[in-house]
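Biologist: Please show me, one feature at a time, how to read a structure such as this one at the level of its residues.

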Amino acid sequence: MCSKLIAPSILAADFGNLQRDIEMVNTSEADWFHIDIMDGVFVPNISYGMPVLEAINKHAKKTIDVHLMIVDPDRYIKTFANLGSDVLTVHYEACTHLHRTLQAIKTEGMKAGVALNPHTNINVLEDTINDIDLVLIMSVNPGFGGQKFIENTYSKIEQLKALILRKGAQTKIEVDGGVTDKNAKALVESGADILVAGSYVFKSSDQEKTISELKALVNS
Ligand code: DX5
Ligand code: ZN
């Protein structure tokens, strides 16, 4: 079985000590850097933008997984490719021509991801699943770290996994929001491949240990 990945969300890092927190992720057993870009329009919050991602990329030695919570993401696909993004995820709810957007992301040499809000049914991906490298299932409403995990997520992961198998797709499943040691194992058992964890990692007293225990838990 493929190993399950951990993606610490930099939104929960200490921005006054960003380089230190990036180095922590570099030396930890984490697999990806999860980068949340919010525009204050698609979601009711603004996070950080291009100059900060540029600074992160200067130090980060692992896969850069960018989660765009912005309207009309097509405007910035090239920009995020140039900033070193390896995976670029757009929201289904923010794309009028999702198929075209996915092709544009791949043309720039990145893996193409689609995020679904908690209210969005899996079946909207029926006709695009074979073109999607990764589906990010939101297990909280996007916009903020530190929110409570939504229990309906398990059933969505199972439905998505069934769709992927039925269509013979290679799509990976990522889960984002409220992930802790309490739900991580059940999430991978439902079919998740990558778990994003923000507050659970960065608010803990020994962040590297928290990551390594989470990684061991999901791969046990
Ligand atoms: C929420 C973001 C998440 C967030 C997760 O809109 O997409 O990536 O940082 O944070 P936690 O793990 O604290 O819920
Ligand atoms: Zn995210």
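Modeller: In α1, the residues L18, D21, I22, M24, V25 and N26 are buried, where buried means under 20% relative accessible area, exposed over 50% and partly exposed in between, with a 1.4 Å probe and protein chains only. This is a predicted model, in which local features need pLDDT of at least 70 and side-chain atom pairs count only at pLDDT 80 or more, while totals for chains, interfaces and linings use all residues. Residues are numbered from 1 along each chain as its sequence is written, chains are lettered from A and ligands numbered from 1 in the order in which they are written, and side-chain values use heavy atoms, with hydrogens and water left out. Helices (H or I, at least four residues) and strands (E, at least two) are DSSP runs numbered from the N terminus.

Biologist: What covers the buried residues of α1, and how is the packing of two helices described?

Modeller: The cover includes β1, β2, α2, α7 (199-202) and α8. Two packed helices are described by the angle between their axes and the distance between the axes. Here α1 and α8 (residues 207-218) pack at about 35 degrees with their axes 10 Å apart; axes are lines fitted to C-alpha atoms, for helices over the stretch in contact, and angles run from 0 to 180 degrees between N-to-C directions. In this contact (heavy atoms within 4.5 Å), D21, M24 and T27 of α1 meet Q207, E208 and I211 of α8.

Biologist: In what order do the strands of the sheet run?

Modeller: The 8 strands form an open sheet in the order β1-β8-β7-β6-β5-β4-β3-β2, with parallel pairing; two strands pair if DSSP finds at least two bridges between them. β1 and β2 stand at the edges with a single partner strand each, so one side of each is left without a neighbour in the sheet. The twist averages 25 degrees from one strand to the next. Strands β3 and β4 pair over 3 bridges, and D65 stands opposite V87 in β4. Helix α4 (residues 98-107) packs on the sheet, touching β4 (87-91) and β5 (111-116), and its direction makes about 145 degrees with that of β5.

Biologist: Which way do the residues of β4 point?

Modeller: In a regular strand the side chains alternate between the two faces of the sheet. V87, T89 and H91 point one way from β4, whereas L88 and V90 point the other way. 5 of the 5 residues of β4 are buried, so β4 is largely enclosed by the rest of the structure.
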